[in-house]
Amino acid sequence: MYSNSDFERFFIRYKAEAVPAGESMQNFCFRNKLPYNLFEKWYKDTRHKLVPVHVDGAPAILTESTSENEVSPSPQSSGIPRIMVDIRMTNGIHIQQRNLSYDGLKRLVEKLKALC
């Protein structure tokens with residue numbers, strides 16, 4: 001019987017050893033005498049869970065107010081963190097937003113709250 005931590009360690013080993021070599025997960029499981037169907041079930045059950053996120057206030061770098069019409073430098077050079085959100089729901093809805101600022105993330109969360 002395999003535990004959750006066994007599968008976690010196995011997955012970390014796979015990413016460290018087999019991915020750089022281009023080995024498939026099925027071959028890695030076979031080579032390590034682990035039934036692929038057990039690993040696949042664990043992976044599907046644990047890797048696609050919703051993770052609740054709670055944000056309390058803006059990061060210190062964003063506390064200064066800026067005008068929305070103001071042109072800002074590229075995210076790589078400004079030092080301001082940019083956020084990517086990828087939400088997949090069981091009913092088939094897929095929401096993906098890239099390069100969000102903190103205020104953009106707040107607006108997206110408010111819109112999602114209004115839908116619920």
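## Basis of the model

The structure is a predicted model, in which local features need pLDDT of at least 70 and side-chain atom pairs count only at pLDDT 80 or more, while totals for chains, interfaces and linings use all residues. Residues are numbered from 1 along each chain as its sequence is written, and side-chain values use heavy atoms, with hydrogens and water left out.

## Overall architecture

The chain contains 5 helices and 2 strands. Here helices (H or I, at least four residues) and strands (E, at least two) are DSSP runs, numbered from the N terminus. In sequence order, these elements give the pattern α-α-α-α-β-β-α.

Of the 116 residues in the chain, 16% are buried. A residue is called buried under 20% relative accessible area, exposed over 50%, and partly exposed in between (1.4 Å probe, protein chains only). The accessible surface of the chain is about 9600 Å², and carbon and sulfur atoms hold 55% of this surface. Such areas come from the Shrake-Rupley method with a 1.4 Å probe; for residues, only the protein chains shown count as cover. Among contacts in the chain with a separation of 6 or more, 33% join residues 24 or more positions apart; contact means heavy atoms within 4.5 Å.

## Packing of helix 1 against helix 3

How do helix 1 and helix 3 lie relative to each other? The axes of helix 1 (residues 4-21) and helix 3 (residues 36-47) come within 11 Å and cross at roughly 95°. The two helices are therefore roughly perpendicular to each other. On the helix 1 side, the contact is made by N4, F7, E8, F10 and F11; on the helix 3 side, by L38, F39, W42, Y43, T46 and R47. Sorted by class, this contact comprises 7 nonpolar, 2 polar and 2 charged residues.

Several terms apply here. Axes are lines fitted to C-alpha atoms, for helices over the stretch in contact, and angles run from 0 to 180 degrees between N-to-C directions. Angles under 35 degrees count as roughly parallel, over 145 as roughly antiparallel, 65 to 115 as roughly perpendicular and the rest as oblique. Ala, Val, Leu, Ile, Met, Phe, Trp, Tyr, Cys and Pro count as nonpolar, Asp, Glu, Lys and Arg as charged, and the others, Gly among them, as polar.

## The largest nonpolar core

The largest nonpolar core has 11 residues in all: F7, F10, F11, Y14, A18, M25, F28, C29, L34, F39 and W42. Helix 1, helix 2 (25-31) and helix 3 each contribute at least two residues to this core, and helix 1 gives the most, with 5 residues. A nonpolar core is a set of buried Ala, Val, Leu, Ile, Met, Phe, Trp, Tyr and Cys residues joined through side-chain atoms within 4.5 Å.

F7 lies in helix 1 and counts as buried because its relative accessibility is 7%. Apart from neighbours within four places in sequence, F7 touches Y2, L34, L38, F39 and W42. F7 and F39 are 32 residues apart along the chain, yet their C-alpha atoms are separated by 6.9 Å.

Y43 belongs to helix 3 and is partly exposed, at 30% relative accessibility. The C-alpha atoms of Y43 and E8 are separated by 9.2 Å, although these residues are 35 apart along the chain.

Is V85 buried or exposed? V85, a residue of strand 1 (residues 83-88), counts as buried at 14% relative accessibility. Beyond neighbours within four places in sequence, V85 is in contact with I95, Q96, Q97, L100, L105 and L108. V85 and L105, 20 residues apart along the chain, have C-alpha atoms separated by 8.4 Å.

## Residues with positive phi

K33 is a residue other than glycine with a positive phi, near 55°. K33 sits in the loop between helix 2 and helix 3 and counts as exposed, at 70% relative accessibility.

N99 is not a glycine either, and has a positive phi of about 60°. N99 is placed in strand 2 (residues 94-100) and is partly exposed, with a relative accessible area of 43%.
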